[in-house]
Amino acid sequence: MEEGRVNLDKSLRNLLMDGVASQIMFSLLTVSIISSYLASINAPPFLIGLVAAIPYVSQLVQIPSAFFAERFSRKRISLFANLLSRISLLAIGITLLINLQSDVMLFVVFFVMYNVLKEVSTVPWSSWMRDLIPAHIRGEYYSKRIAYGKLAALFVVLLFTALFNVAGNTTFPILFLTAFAAGMTSVYFIKGIDDVEVEHRGKRSLAEPLKNSNFLKLTSALSLWKFASEMALPFFSVYIITVLKYPVWVAIALASLSQFSSIYFLRISGSIMDRFGNKPVAALSFVSFSLAAILFTFTTMPQNHPLTPLLLISIYILDGFYSSVPPIAFMNMIAKMTPKGSSAPYYAVNNVVASIFAATGSISGGLIASFFLSTNFAVKIDIESTFGFLEIPTVHLESYDFLFLISSVLSVLAAKILRLFSEDNALSEEVVKNEIRHAVVRDVYSLITHMHLPYMQSQLRWSNFGRFTNGAFQRGFQGGVTAQPGSQMVMQENSLEDF
């Protein structure tokens, strides 16, 4: 279809519905759920790390797909590849329905097929969306699309949390069949999105992105962060089940909390990325992952303690931020630095390099976890007096804790590399941090007001929070200063628009 004849409103509506259906599918196929299934059938840590690497190794197929992504109909390629990938989920569901304890290698084969076929559509899809969605609404629209999808997915995940609590591991076949149904619904709505003709159908060179030093900084930062995060992420749920001794439904309930958190942070971050830049938001998400990984090491001292549930809740609230922001931010940064109709090589190189590092990180995580499985490091303070003997554990690291620490340090390094990337009109991280803080404080204040809690409201209004929020409460959330590109002024409480 010619670009001038594209029905943008209809296409964006169908794209939004596709986002809802696909997010339901993806939420049922997360690393946490796949790792929980493998842990439930007593798969070894190395195999769990290997399976977690499959989605990233599969992205290697994006290299050949970049050559034909902008030479043929991007819509047809996306439709065909996505249809075949969904059929693989049907095969997994039927296999587990017949025998839940079936050979794990059969599961691995179908899981590989799903991921490879899905990745065939990634570069054509990214290039297609880059040309379809107007640049000035791209960040906010992507955030809205994912947020709506995650909201719908949250209810589905909560339903499966209840099913796991009642039926246990026999719920896994139903889970994969539901993912298949959601995936087919997604394909139906993709059919309703108008195609956009590529203006120049010439050959695309994968060497072109490699000559762009700014692009290499961007890809290096993402690749290192992918290595660091995928080293630890597959073992978050494994840690909860095997070390903390919580049942599977607790791990899935925490994943649901992460979904809720990501919906909230997507609501905030989308418009912030459009106005203040993508780089500072992405850098803050890297740092939040580092903090979450460190917090895991405090969940045992050396056993579970009263603060363990609170720490897990904090970790998965952070998970909602760092798991949802980077994909949108990096897609937008590449879109901003590439001309229309020529973005496929950049997306392909970025995705493939990042996926190689992610796969390597996942496999490395399995090896490191196996190596440190029986390792224990503790620092204690012993106090002996006439009243008795007191032992205070200050530091206690064992098994997966070492993996989480390594991952945390690498994530901070990735944030430092990202700060070297140059993005037009991007403001500082401090500006973005203040904007996010203002939005959170405003929403908490609004929630307390609607809950009719005058005592807490007055406490917040006159508390010390003013020094953290630049007097947000004291100003009563009145109008403020609007940030202009290139300025260092912070937008006030009314600067975030509701979706």
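Predicted model: local features only at pLDDT ≥ 70, side-chain atom pairs only at ≥ 80, totals over all residues.
**A walk through the model**

Colleague: Where does L60 sit?

Modeller: L60 is in the loop that links α3 (45–57) to α4 (62–68). Together with V57, I356 and F357, L60 makes a nonpolar surface patch of about 320 Å².

Colleague: Let's zoom out for a moment. How many helices and strands are in the protein chain?

Modeller: The protein chain has 20 helices and 2 strands. It runs to 499 residues, and 56% of them are buried.

Colleague: Which residues touch the most other members of the largest nonpolar core?

Modeller: Those are L38, F107 and F404, in a core of 133 residues. Helix α15 (residues 308–337) gives the most to this core, contributing 14 residues. As for F107, leaving aside neighbours within four places in sequence, its contacts are I34, Y37, L38, V51, I92 and F176.

Colleague: Back to α3, then. Which of its residues are buried?

Modeller: The buried residues of α3 are L47, I48, G49, V51, A52, A53, I54, P55 and Y56. They pack against α2 (31–40), α6 (104–120), α11 (213–232), α12 (234–243) and α16 (344–371).

Colleague: What span should α3 have, going by its length?

Modeller: With 13 residues at 1.5 Å a residue, α3 should span 18 Å, and its end C-alpha atoms are 18 Å apart, so the two agree.

Colleague: You listed α16 as a partner. What is the reach of α16, and how many of its residues are buried?

Modeller: α16 has 28 residues and reaches 40 Å from first C-alpha to last, close to the 40 Å expected. The helix is mostly covered, with 20 of its 28 residues buried.

Colleague: New topic: charges. How many salt bridges does the count come to?

Modeller: The count comes to 8 salt bridges. One of them pairs D194 with K10, at 3.1 Å from N to O. D194 lies in the loop between α9 (172–190) and α10 (207–210) and K10 in helix α1, so this pair ties together parts that are 184 residues apart in sequence.

Colleague: What does D18 pair with?

Modeller: D18 meets R145 in a salt bridge, 2.4 Å from N to O. D18 lies in helix α1 and R145 in helix α8 (residues 138–167), so the pair ties together parts 127 residues apart in sequence. Both D18 and R145 are buried.

Colleague: What else is D18 in contact with?

Modeller: Setting aside neighbours within four places in sequence, D18 also contacts W125, S186, F189 and I190. The C-alpha atoms of D18 and T185 are separated by 7.4 Å, though the two are 167 residues apart along the chain.

Colleague: Last one, about the backbone. What is phi of N42, and of K245?

Modeller: Phi of N42 is near 60°, and phi of K245 is near 65°. Both values are positive in a residue other than glycine. Most residues other than glycine have a negative phi. N42 is in the loop between α2 and α3, and K245 is in the loop between α12 and α13 (248–276). N42 counts as exposed at 68% relative accessibility, and K245 counts as exposed at 64%.

Definitions and conventions
Residues numbered from 1 in each chain as written. Heavy atoms only, no water. Patch = residues over 30% accessible without salt bridge, like charges linked within 9 Å, V, L, I, M, F, W, Y side chains within 5 Å. Areas by Shrake-Rupley, 256 points an atom, 1.4 Å probe, with all protein chains shown as cover. Salt bridge = Lys/Arg side-chain N within 4 Å of Asp/Glu carboxyl O. Helix = DSSP H or I, 4+ residues; strand = E, 2+ residues; numbered from the N terminus. Core = buried A, V, L, I, M, F, W, Y, C linked by side-chain atoms within 4.5 Å. Buried < 20%, exposed > 50% of the residue type's maximum accessible area, 1.4 Å probe, protein only. Contact = heavy atoms within 4.5 Å. Expected span 1.5 Å × (residues − 1).
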